[in-house]
Amino acid sequence: MAFDIEMIKKVYATMAERVDKARQIVGRPLTLSEKILYSHLWEGNPTQAFTRGKDYVDFAPDRVACQDATAQMALLQFMHAGKKTVAVPTTVHCDHLIQAKVGATTDLAVANSQSKEVFDFLSSVSNKYGIGFWKPGSGIIHQIVLENYAFPGGMMIGTDSHTVNAGGLGMLAIGVGGADAVDVMSGMSWELKFPKLIGVKLTGKLNGWTAPKDVILKVADILTVKGGTGAIVEYFGEGAINMSCTGKGTICNMGAEIGATTSTFGYDDSMRRYLAATDRQDIVDAADKVAKYLTGDDEVYANPEQYFDQVIEINLSELEPHINGPFTPDRGTPVSKMKAEAAANGWPLKIEWGLIGSCTNSSYEDMARAASIVEQAVAHGITPKAEFGINPGSEQIRYTIERDGIIATFEKMGTKVFTNACGPCIGQWDRAGADKQEKNTIVHSFNRNFSKRADGNPNTHAFVTSPEMVAALAIAGDLSFNPITDTLLNDKGEEVKLNPPYGDELPKRGFDVVDAGFQAPAADGSNVQILVSETSDRLQLLAPFDAWDGKNITGAKLLIKAFGKCTTDHISMAGPWLRFRGHLDNISNNMLIGAVNAYNQEANKVKNQLTGEYGPVPSVARAYKAAGVPSIVVGDQNYGEGSSREHAAMEPRFLGVKAVLVKSFARIHETNLKKQGMLALTFANEADYDKIQENDTINFLDLTEFAPGKPLSLEFVHADGSRDVILANHTYNASQIGWYVAGSALNLIAAGKA
Ligand code: F3S
């Protein structure tokens, strides 16, 4: 469980030199984000200035964290890297596969039985390869990372979009796909387009009913769900310093909702207090020695317009509590305007449920402030109108708030305490009656509120707000209730006005826990057996992909010419298929089932050239594979946009597709294809897309001369015997050609040549 202080000291030891060098090269003062980026270059000391939003740069992150859903395929792949242990400190967290229904004890027992094989696999593979394993019930990945591993000035990646939460402790923490995590765990660099920078200057001080959550709800309202794309959001100013560290975590967490690469804050006293309270005084001592490198230069914050690509200013003293939604987190409504907005839009006013906790708002301060509202309501004889639930972020938080009587306070209003896990936040909520799909309203302090996200009901109007506002609204049972101006009726018919929330930032008696749920890895894992049943339909050990035989690919059949948009969701659908994330054979049955066939404009119906019959894409691919016939996929513009899901590249590779030839690629998917030993090619002349016919057989003419910068020639033999030779470009450099030759990037690592 212990954080790695030696690793952190090493980061700090090189930081000063690298940041000073970067400042010299860039020729101006630096933001905090730039200091962390330039001090984590894969090449070590900076030698050049990078252009924001343009240059692709290799980095060396300090840590990796994976959650249980995404860790499965990442670790199955990592097993092929041929390493004894992971190259950087890594943890696995079991938080996504636990459903909320009855309450923590029962729900956890059900999950432990239903997903036993997945948890056993993750536990054994973690044990073997030096990975810290957090058991089901230990808590939510981002809360545990903040409590145990995040540190100012560090860089980490995690296989979950809310990894960005660790920015609350001054890190650059970035959500990635499994393939990126595998690279870093295997000792390779990690590539990122040098981000743009958005500065958010916070003036004034939070007061009354306003909470850190309102800062990000306001920022989301300003920037919208796309406004942060490709950028790091850096917060600064007196308002930032005045805020708790965990509040900063909440703000960074929801940076994912504006599409930001990540968000961060400079090192300050709130971080010192939080680190000390979570038993990490060592980090404070080390960080204090390099404190000026753990925040932006003074000149940057004095004249932010000169150094950031965009600057936003928010005065916290004037900020109103916000309620964002429904269906999107960037639709912001100040509490004073909600009555009119709800009426104008026909949103149901009656609140059915209030939910707090999750990775977004699980701090001691959050719980204490929400409980202070419940306490007042109970003391005044007010009967809460809505149901109330909590998903504590970690066992440490749960244990501490139980010890301090906060859970007992919540229980006075009949609160359900669910497992320390994602639960309703990820749709793992068996909500009674949700299947009736009735129009209804819930309020929560989570981060996302897209349609169906919480309970699967498309008619649930979910609103995001601070935990204290969730408590007030759930007690009132009315979305239009404004606790700043309105009163509630108590059991004597008296009007009661709630006082603003209050609560300690950190527990006076310190944090406490009996069993945090951590399993340390074996000191020597060489004899640890990895537990995967041969009959499992959820997990399957991977076999390495075959190396290239050094010959031209000949006699390949066209599997599908995809028409129009083809995202990673079209290539490897989510939903029910997520169950098979750890089983490549089974999940491959969703390969390209969402892609539209250019010849009949239908999804999942392509011609099997061996039989002349039409069938689902995966079946036809399997038929070609069984017959020893290679196949290729042709696609349109921006093929593979969407997520960084590695399954979208692994499935075609597994089902015998040799090449993907498209008008253009989404870059991450193109890289993923390369990593899996596939040919990712683009038409030199886009119009050639139209020359491809349904019954084509394809021969590569010069693959044997595969080299950087040299286009490949492909011959398309049509049914009538005519042929077209098409020139295909590629972006493989010499080492990526090495991946192709070896059969995959991992094969090359395993051979010790990468
Ligand atoms: Fe889990 Fe929701 Fe956070 S799904 S990791 S609690 S965003």
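I looked up the sheet and found that six strands form an open sheet with mixed pairing, in the order β6-β5-β2-β3-β4-β21; strands count as paired if DSSP finds at least two bridges between them, and helices (H or I, at least four residues) and strands (E, at least two) are DSSP runs numbered from the N terminus. I noted that this is a predicted model, in which local features need pLDDT of at least 70 and side-chain atom pairs count only at pLDDT 80 or more, while totals for chains, interfaces and linings use all residues. Residues are numbered from 1 along each chain as its sequence is written.

At the edges I found β6 (172-175) and β21 (518-519), each of which pairs on one side only. I then followed β5 (residues 155-158), which pairs with β6 in the parallel sense over four bridges, and saw that Gly158 stands opposite Gly175 in β6.

Next I turned to the helices on this sheet. Helix α3 (residues 68-78) packs on the sheet, where it touches β2 (63-67) and β3 (90-93), and its direction makes about 115° with that of β2; contact here requires C-beta atoms, placed from the backbone, within 7 Å, and angles run from 0 to 180 degrees between N-to-C directions of axes fitted to C-alpha atoms, for helices over the stretch in contact. I recorded that α6 lies across β2, β3, β4 (132-134) and β5, running at about 150° to β2.

Last, I checked the domains, whose bounds come from an automatic or database domain assignment: domain 1 (5-317), domain 2 (344-495) and domain 3 (556-750). The contact between domain 1 and domain 2 takes 35 residues from domain 1 and 36 residues from domain 2.

Notes. Contact = placed C-beta atoms within 7 Å.
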